[in-house]
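Reader: I am new to this structure and would like a close look at a single part of its surface. Please take me through it slowly.

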Amino acid sequence: MNMNYLESPDFTQDQKQEIEKGIMEGLDVSVYADPKYLAI
């Protein structure tokens, strides 16, 4: 489980929450863990 995304200052808090959800569900978050994508 790669939690480095959650430590990055490049992501907003909302993005970090969505990434964390994906990690917890066992998803490959590297596909969408990019600051250019908005968490909606």
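Reader: Which residues form a nonpolar patch on the surface?

Author: This is a predicted model, in which local features need pLDDT of at least 70 and side-chain atom pairs count only at pLDDT 80 or more, while totals for chains, interfaces and linings use all residues. Residues are numbered from 1 along each chain as its sequence is written, and side-chain values use heavy atoms, with hydrogens and water left out.

The nonpolar patch is formed by Leu27, Val31, Tyr32 and Tyr37, which together have about 390 Å² of accessible area. Such areas come from the Shrake-Rupley method with a 1.4 Å probe, and for residues only the protein chains shown count as cover.

Leu27 counts as partly exposed because its relative accessibility is 47%, where buried means under 20%, exposed over 50%, and partly exposed in between (1.4 Å probe, protein chains only).

By contrast, Phe11, placed in the loop between helix H1 (4-7) and H2, counts as buried because its relative accessibility is 10%. Leaving aside residues up to four places away in sequence, Phe11 touches Tyr5, Lys16, Ile19, Ala33, Asp34 and Pro35, a contact being heavy atoms within 4.5 Å. The C-alpha atoms of Phe11 and Ala33 are separated by 8.7 Å, although these residues are 22 residues apart along the chain.

Methods:
Patch = residues over 30% accessible without salt bridge, like charges linked within 9 Å, V, L, I, M, F, W, Y side chains within 5 Å. Salt bridge = Lys/Arg side-chain N within 4 Å of Asp/Glu carboxyl O. Helix = DSSP H or I, 4+ residues; strand = E, 2+ residues; numbered from the N terminus.
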